[in-house]
Amino acid sequence: MGSISLRGLMSFGDVAAEDDAVLEYFLTTEAVERLRVGDAFVVLGRKGAGKTALVRHFSEGQVGQLSRALNLRGYPWSLHSRRVDSGASPIEAFVSSWRYLIAIEVAAIILEASERPQSQKYLDLKEFFKENYGGPSPQLSDILRPPRLKVSRASIQPSVLGAMLGGIDLERGGGDYRLGLELNALSSTLLKTAIDIAKNEALPSISLHFDELDQGLSTFDEDRRRMLIGLILAARELRRESAAAGYMVNPIVYLRTDLWDDLDFSDKNKITETTAINLDWTSDTLFALVGARTGAKLGDGATWDDIASPGLMRGSQTKWNHIISRTFLRPRDVIKFMNAALSKAKTRSEEPLVFENHDIVNAREEYSAYLKRELDDEILPHWSQWGEALQAFSAISTVTFDKADFEREYSSKRSSKNMVASEDALGLLFRFSVIGYEKRSGYGGSSWVFQYSDPQAGWDAAAIKFKVHPGLKEYAKLSETRQIG
Ligand SMILES: Nc1ncnc2c1ncn2[C@@H]1O[C@H](COP(=O)(O)OP(=O)(O)OP(=O)(O)O)[C@@H](O)[C@H]1O
Ligand SMILES: [Mg+2]
């Protein structure tokens, strides 16, 4: 006690898992176990909820599986969009191309892990890779690139309607319904051959981790939606197919919640209920996440109490609750807030250095600007003029407001390009937890309902009183009560 100081600490970690030493203080959550045993294959979370952290845990940590991270940053979406299966319904037009891509990844992993490179199946599979990709480990972005796939080895030659195929043209004019049939047949033979090798050698199960599906997304158009749906359906098919063959392959799709909410296909509800995981955090689990970081960075046993003075903040609020109430209960929000508070604390010369209330207060400005940027990433693809709603808040200037206030200010800020009417704007803002609404209970009491903390509550179109999320207060320059005069 007393010897622990924040002075020498650079940060509480990077806010993005790709740049964070997250495996040094990874918190094992319920999601980890469900994914490990193959109980789920869709992982949903808002920005900063911990999708990439999970991907890194599985692909870089010791998990007793053959795991591979597939990062879709820079993925050639427009090339992929040309691999349409015209024989399938529009919603399923990309299932066969994803299924092929997954089969190729599985085969590549098994070739790499195999210890019997003399076996006939190994040689046949390897030849397929050599002929089409020049080697056994093609880049993700190259898998669907060849205009024509060649198949020369009899053992992996697919047949469609009784006819053996020597190759498959990927580049075809629209209206050719055979691409899907042929590609599906090829994927099945590749997968079967690879699984035979894996079973023969008793290789561990496989998990694939599709991350960053949202990268480079400026508008969420129909083609991109169909490609995401295609990936999800293909992943599910492949899970089933490999399970039926007695070998576990789990292709896991990590997706931002707002994108999932915008997808529409049959079985979506079923997947949500059974084989999807929501990355949900609570104040307690986030406290444990921060505890793991202080322990790892400041020496074992360093806890929150060692790095924060006990004095309460205004309204008898603890420092921790003050921070948490400004987040959407996401790890990135907490880490960002603490890093901002750390840089404020370091401007003081006390020793040992611990968080004081004013460090927390002073961190809010930088944190609030960060929160706005994160919301931009989430909301802009759905509503590119959402900033006009923020301007309306600023014009109202108080944290709480009435529906009529908003309608007045929003209609005066609203540009002609902005297609979102006032009513819909409130609903969208609620969906992203930018605002909450007042819920009246019997006996004259009331409470604020926010989507992120009360996901079951749903939107109340009849609500008349609203509150802006506290994390946006500084950005939008809001005060608790209306200035007089
Ligand atoms: N289980 C965990 N244990 C420790 N740290 C975690 C855990 N989950 C997330 N984090 C940390 O939280 C921060 C945000 O996580 P991450 O980058 O994985 O979010 P994300 O869901 O991938 O966000 P985005 O949608 O922006 O890509 C990172 O600093 C990450 O290391
Ligand atoms: Mg990520």
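Helices here are DSSP runs of H or I with at least four residues, strands are E runs of at least two, and both are numbered from the N terminus. The axes are lines fitted to C-alpha atoms, for helices over the stretch in contact, and angles run from 0 to 180 degrees between N-to-C directions. Before going on, note that this is a predicted model, in which local features need pLDDT of at least 70 and side-chain atom pairs count only at pLDDT 80 or more, while totals for chains, interfaces and linings use all residues. Residues are numbered from 1 along each chain as its sequence is written, chains are lettered from A and ligands numbered from 1 in the order in which they are written, and side-chain values use heavy atoms, with hydrogens and water left out.

On the α4 side, V95, W98, R99, I102, A103 and V106 make the contact, and they meet residues of α7 including M227, G230, L231 and L233. Contact here means heavy atoms within 4.5 Å. By class, this contact has 11 nonpolar, 1 polar and 3 charged residues. Ala, Val, Leu, Ile, Met, Phe, Trp, Tyr, Cys and Pro count as nonpolar, Asp, Glu, Lys and Arg as charged, and the others, Gly among them, as polar.

With α15 (residues 387-396), the angle is about 125 degrees and the axes are 8 Å apart. That makes α15 oblique to α16, and the crossing is right-handed. From α16, the residues D405, F406, E409, Y410 and K413 meet a set in α15 that includes F393 and I396. This contact divides into 7 nonpolar, 1 polar and 4 charged residues.

The other partner is α17 (residues 422-431), which packs on α16 (residues 403-413) at about 110 degrees, with the axes 10 Å apart. The two are therefore roughly perpendicular to each other, again in a right-handed crossing. Here α16 contributes K403, F406, E407 and Y410, while α17 brings S422, E423, A425, L426 and L429.

Now for ligand 1. There are 23 residues around it, and D14, D20, K51, A53 and R332 come nearest; a residue counts as near if one of its heavy atoms lies within 4 Å. A backbone N or O atom of A53 is 2.8 Å from an oxygen atom of the ligand. For G50, a polar backbone atom is 3.0 Å from a ligand oxygen, and for A49 the distance is 3.3 Å. A polar contact is a pair of N or O atoms within 3.5 Å.

Finally, two spots in the backbone. E351 and P352 are joined by a cis peptide bond, with omega about -10 degrees, and P352 sits in the loop between α13 (331-345) and α14 (357-379). S316, not a glycine, has a positive phi of about 55 degrees; look for S316 in the loop between α11 (304-307) and α12 (319-324).

Conventions: Angles under 35 degrees count as roughly parallel, over 145 as roughly antiparallel, 65 to 115 as roughly perpendicular and the rest as oblique. A crossing is left-handed if the near helix is turned anticlockwise from the far one by less than a right angle, and right-handed if clockwise. A polar contact is a pair of N or O atoms within 3.5 Å; within protein, one must be able to donate a hydrogen and the other to accept it, and residues adjacent in sequence count only if both atoms are side-chain atoms.
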